[in-house]
Amino acid sequence: MTNLNDLSEQEIKQNLLEQYKNFDIRIFDILSSTNDFAKDLINSNKFTDGTTIIANTQTGGRGRFARTFFSPANTGIYFSAILEKSLPVKDVSLITLISATAVCRAITKLTNLNPQIKWINDIYLNNKKICGILVENICDFNNMKSKAIVSGIGINISTKDFPKDIQDKAGSIMCDKLSRNKLIAEIINNLFDLSKDVYSKKIIEEYKSLSLVLNKEITYTKDNKIYTATAIDINDTGNLIVMDDNNNISVLESEEISINFAEQNL
């Protein structure tokens with residue numbers, strides 16, 4: 001019988017929906033980056049829709065802006081799922097919204113906890129970041145559409161000892177008896193179900209309902225300047241709509257934002 005903490009292809013597949021049980025699930029003890037491994041498979045045409053790369057630990061895990069994603073052994077899940085989708089490059093970011101929604105759905109189902117999404121790709125619990133998502137596109141330059149899309153997901157399950165530079169911001173789910181295999185399977189089920197119609201308005205509405213930032217004051221950097229504004233909406237393409245104190249509206253596409261939790265008494 002599989003130990004609760006062991007990664008198991010068999011147990012993951014047991015918990016996949018019937019239509020996904022044939023997905024190619026590959027588990028490694030250690031990788032530099034599951035996203036990089038997945039992209040290599042795409043570039044060499046050695047993948048199928050649903051191919052999922054899982055590592056017990058990563059030595060070069062990363063998030064947006066090439067930031068390091070701390071990936072210690074045995075205490076988190078780090079995986080990259082390949083979606084064989086042809087989307088206009090401008091719409092690939094919708095997979096980030098879908099991925100974040102899929103993660104929140106899965107965590108809530110298996111733990112009864114209520115994670116929230118910090119636009120655009122981070123999952124928070126109790127004001128701490130527990131998950132980062134990095135979606136990357138392999139482009140078909142003949143038609144400027146995606147050949148395949150990699151959804152990389154890293155979640156802190158029981159990690160406690162974080163590096164000093166993130167220990168005030170990072171957290172973990174910390175739910176007893178949470179199986180890493182079941183969580184991976186549940187995320188995959190949600191990810192591929194939701195991605196059947198990436199343009200569904202229901203996805204945007206669900207994403208908005210999970211938002212940590214709407215109606216809150218944020219700061220963001222644009223053109224090397226720092227701005228303060230209130231997040232007022234997320235549009236149908238996943239952009240964040242903000243309004244400053246002078247009622248000027250701006251649309252954020254991929255800018256880094258931050259929330260002052262202490263000041264907002266979250």
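Reader: What makes F69 count as buried or exposed?

Author: In this predicted model, F69 has a relative accessible area of 12%, and because buried means under 20%, F69 is called buried. Y78, at 1% relative accessibility, counts as buried by that cut-off too.

Reader: Why is the aromatic pair of F69 and Y78 called edge-to-face?

Author: The planes of F69 and Y78 stand at 70° to each other, with 6.5 Å from centre to centre; because planes over 60 degrees apart count as edge-to-face, the pair takes that name.

Reader: What does the pair of Y20 and F192 tie together?

Author: Y20 belongs to the loop between helix 1 (9-14) and strand 1 (25-31), whereas F192 belongs to helix 4 (residues 180-194), so the pair ties together parts that are 172 residues apart in sequence. Y20 is buried at 6% relative accessible area, and F192 is buried at 5%. Ring pairs also link Y20, F23 and F192 into a cluster.

Reader: Which residues touch the most other members of the largest nonpolar core?

Author: In that core of 65 residues, they are I155, L183 and L240, and helix 3 (residues 93-111) gives the most to the core, with nine residues. Leaving aside residues up to four places away in sequence, L183 touches several residues, among them I77, A106 and I155.

Key
Residues are numbered from 1 along each chain as its sequence is written. This is a predicted model: local features need pLDDT of at least 70, side-chain atom pairs count only at pLDDT 80 or more; totals for chains, interfaces and linings use all residues. Side-chain values use heavy atoms; hydrogens and water are left out. Helices (H or I, at least four residues) and strands (E, at least two) are DSSP runs, numbered from the N terminus. Buried means under 20% relative accessible area, exposed over 50%, partly exposed in between (1.4 Å probe, protein chains only). Rings of Phe, Tyr and Trp (its six-membered ring) pair if their centres lie within 6.5 Å; planes under 30 degrees apart count as stacked, over 60 as edge-to-face and the rest as tilted. A nonpolar core is a set of buried Ala, Val, Leu, Ile, Met, Phe, Trp, Tyr and Cys residues joined through side-chain atoms within 4.5 Å. Contact means heavy atoms within 4.5 Å.
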